[in-house]
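User: I'm new to reading protein structures. Could you help me see how the words we use are tied to what is in the model?

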Amino acid sequence: MYDLQMIKAVYGTMKDRIEAARELIGKPLTLTEKILYSHLWQDNPTEIYERGKSYVDFSPDRVAMQDATAQMALLQFMQAGRPKVAVPSTVHCDHLITAKVGSETDLDQAKFENEEVYNFLSSVSDKYGIGFWKPGAGIIHQVVLENYAFPGGLMIGTDSHTVNAGGLGMIAIGVGGAEAYDVMAGLPWEHKFRKLIGVKLTGKLSGWAAPKDVILKVAGILTVKGGTGCIVEYFGEGATGMSCTGKGTICNMGAEIGATTSTFGYDESMGRYLRATGREEVAVLAEEIKEHLTADPEVYANPELYFDQVIEINLSELEPHLNGPFTPDLATPISKMKETALANGWPMKIEVGLIGSCTNSSYEDISRAVNLAQQAADKHLKPKSEYTITPGSELVRYTIERDGFLKIFEKIGAKVFANACGPCIGMWARVGAEKSEKNTIVHSFNRNFAKRADGNPNTFAFVGSPELVTALAIAGDLGFNPLTDTLINEKGKEVMLDAPTGYELPPNGFGVEDAGFQAPSLDGSNVHVNVSPTSDRLQLLDPFPAWEGVDLKGLKLLIKVKGKCTTDHISMAGPWLKYRGHLDNISNNMLIGAINYFNDTPDSVKNPMSGKYESVPAMQRKLKGAGYFSIVVGEENYGEGSSREHAAMEPRHLGVRAIVVKSFARIHETNLKKQGMLGLTFANKEDYDKIKEDDTFDIIGLTEFTPNVPLTLNICHADGSMESVLVNHTYNEQQIQWFKAGGALNIIRKNLTV
């Protein structure tokens with residue numbers, strides 16, 4: 001049992017704080033408001049916060065970090081001078097394991113290749129009181145749900161899918177490493193009070209429909225940015241009739257609609273899951289205050305009065321969906337997929353079906369998929385596609401092996417990868433991907449951007465539930481609808497797959513021999529953390545320089561980005577993950593995936609000094625060496641996707657001073673602010689069109705940098721003409737101080753060492 005005393009302390013103050021907030025606001029409260037108002041840094045609330053506008057200091061209960069982002073977060077934390085983290089924190093080694101051969105071989109290879117990084121993370125965790133989950137223990141979000149998440153809690157994590165913990169009734173938010181550093185250093189966590197979207201679920205899931213289909217449907221409604229600036233709260237009979245891990249799936253993929261996070265009110269399914277995962281004491285505590293762990297009754301009775309937007313979905317009518325390709329919000333009901341795919345020229349043959357990941361690797365998910373695998377074996381159906389399984393944790397993997405599931409999967413030729421992120425984040429050594437051939441895959445992951453899974457820009461990836469992915473892998477055909485279509489088996493007979501069934505929780509309970517946890521030393525003062533100065537994997541950080549105190553003039557254009565630009569485009573994962581602890585080395589991938597507006601080509605920009613086209617990071621290094629700073633120009637929702645702060649740190653490190661776009665994704669905008677960068681938006685989005693390849697820029701108004709007051713961007717054209725346009729910003733007073741100091745870390749370091 002982890003953190004029981006902390007949970008007791010949270011629950012002990014929750015009632016009074018919620019009552020104070022209700023009296024202050026003068027109306028019933030949503031669950032989201034209850035959790036946020038009960039986690040204020042100042043204890044009891046004294047003012048009403050305006051949704052979408054008010055910046056608030058919060059006190060999170062815990063921090064979780066995955067190994068790729070933990071490196072930079074902990075390198076920053078080491079500069080604080082604290083002997084121990086201020087709140088319970090954990091590191092999870094899940095991102096650096098390449099899926100290639102199979103679980104054991106791949107895990108052994110990862111331990112060999114990443115030994116230096118794992119030793120660093122293990123030792124720094126040991127020294128500073130951080131729980132360490134070894135490689136092979138599982139994916140951060142699944143492990144958090146199984147061990148740390150609790151109803152009514154507030155947590156932050158250095159991964160955008162931290163939101164998975166909403167399945168256990170938390171407000172769990174993905175952040176950059178600098179925000180995690182704040183909280184671990186004992187400082188308040190500043191965050192804007194979000195708008196609220198209520199999703200009412202009526203009816204009940206049955207047949208082929210799964211919790212994954214709920215979020216796929218919501219993604220189709222809201223798109224990848226429809227949830228930006230909002231927290232989504234699910235409620236209704238459909239919500240209470242769903243498993244806890246099913247709720248986790250829905251919350252997990254809420255990151256793909258741009259939502260800050262998603263959550264559900266406490267119900268019996270959460271109690272069952274807590275007890276099944278060895279946390280009966282937490283379930284008992286939660287049940288004692290359960291009225292505070294869901295919205296007030298008036299809210300769900302009349303949601304339009306309490307949410308900024310309300311969506312209603314009837315689960316009894318919900319059809320299985322496939323979303324994609326190339327974006328997780330292109331939602332297509334399975335009954336429409338064949339005609340849609342043919343009309344768009346999508347490859348119909350499915351090469352690989354992949355299930356698992358942090359989104360869909362629960363016992364329930366695997367049990368429903370294995371039901372279909374058994375059907376295939378019984379009905380003499382040989383899968384037409386490759387089929388892989390990525391368990392979410394050692395707890396789940398051990399239990400499904402004990403219960404015979406893996407042997408059933410073996411009957412249909414399945415390959416089991418390590419308990420890690422693997423293909424979901426591009427850590428998939430897929431044979432032949434380098435040929436860039438046009439092909440289709442289906443998976444139960446959360447993201448399907450171009451190049452995301454295998455690095456091939458011509459891989460058409462579609463997102464579905466584990467059971468639908470399994471059925472499609474058996475059929476090998478994107479147009480197959482398991483609800484209505486038949487298949488010809490190896491005996492030449494026409495057969496049909498039955499709707500899958502499974503278990504919410506293992507009938508014989510969970511089992512595990514070694515979950516993979518390493519507890520930290522009670523006194524870490526004698527633990528040594530070594531970072532070699534010659535390492536190409538780890539590099540101690542130097543502070544970024546402070547603002548010069550003047551307007552920025554003569555900035556060069558690094559790149560005008562065309563179209564979608566996610567954090568994968570700005571700082572790719574895959575083979576680059578190994579440099580996540582070395583800022584200078586990983587900066588060699590800066591913006592190499594972004595498309596240059598002027599030549600429709602990635603990683604090819606014009607050097608203003610020579611007129612030649614070069615790689616983006618190479619050209620930026622030359623500009624920096626010659627004493628020039630630069631800007632990046634982009635379009636809508638710039639920086640969507642993963643929370644990786646490297647996408648902000650790399651441009652900062654190489655001399656980019658401002659990112660000017662039509663709009664930002666939330667986490668990336670915050671990351672830019674934390675690193676002392678200027679994140680600006682065109683007041684008139686059409687001004688994006690005024691940017692020419694040989695322009696230089698002045699940013700005017702910084703000497704009077706003030707909240708809610710636009711700055712001026714002077715666009716100096718090569719012919720000597722100039723245009724001035726307004727650029728907006730969302731910096732508050734504190735964030736302006738971050739900019740002036742050269743980054744939030746500089747202020748924190750100064751305050752902690754005074």
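Analyst: Happy to, and here we go through some terms one by one; keep in mind that this is a predicted model.

User: What makes strand 6 and strand 21 the edge strands?

Analyst: Start with the order of the six strands in this open sheet, which is 6-5-2-3-4-21, with mixed pairing. Strand 6 (171-174) and strand 21 (517-518) each pair on one side only, and they are the edge strands.

User: Why is strand 2 called mostly covered?

Analyst: Buried means under 20% relative accessible area, and five of the five residues in strand 2 are buried. Both faces are covered: Arg62, Ala64 and Gln66 are buried on one side, Val63 and Met65 on the other.

User: Which elements make up the β-α-β unit, and what is its handedness?

Analyst: Strand 2, helix 3 (residues 67-77) and strand 3 make the unit, and it is right-handed.

User: What makes a set of residues a nonpolar core?

Analyst: Its members must be buried residues of nonpolar kinds such as Leu, Met and Tyr, joined through side-chain atoms within 4.5 Å. The largest one here has 134 residues, and Tyr11, Met65, Leu74, Leu121, Leu201 and Tyr234 are those with the most contacts inside it. Helix 1 (residues 4-25) gives the most to this core, with nine residues. Another core, of 44 residues, lies apart from it and includes Ala369 and Phe462.

User: What is Leu201 in contact with, beyond its neighbours within four places in sequence?

Analyst: Its contacts include Val214, Tyr234, Phe264 and Ile313.

Technical notes: Residues numbered from 1 in each chain as written. Predicted model: local features only at pLDDT ≥ 70, side-chain atom pairs only at ≥ 80, totals over all residues. Heavy atoms only, no water. Pairing = 2+ DSSP bridges. Helix = DSSP H or I, 4+ residues; strand = E, 2+ residues; numbered from the N terminus. Buried < 20%, exposed > 50% of the residue type's maximum accessible area, 1.4 Å probe, protein only. Right-handed = clockwise from strand over helix to strand, strands pointing away. Contact = heavy atoms within 4.5 Å.
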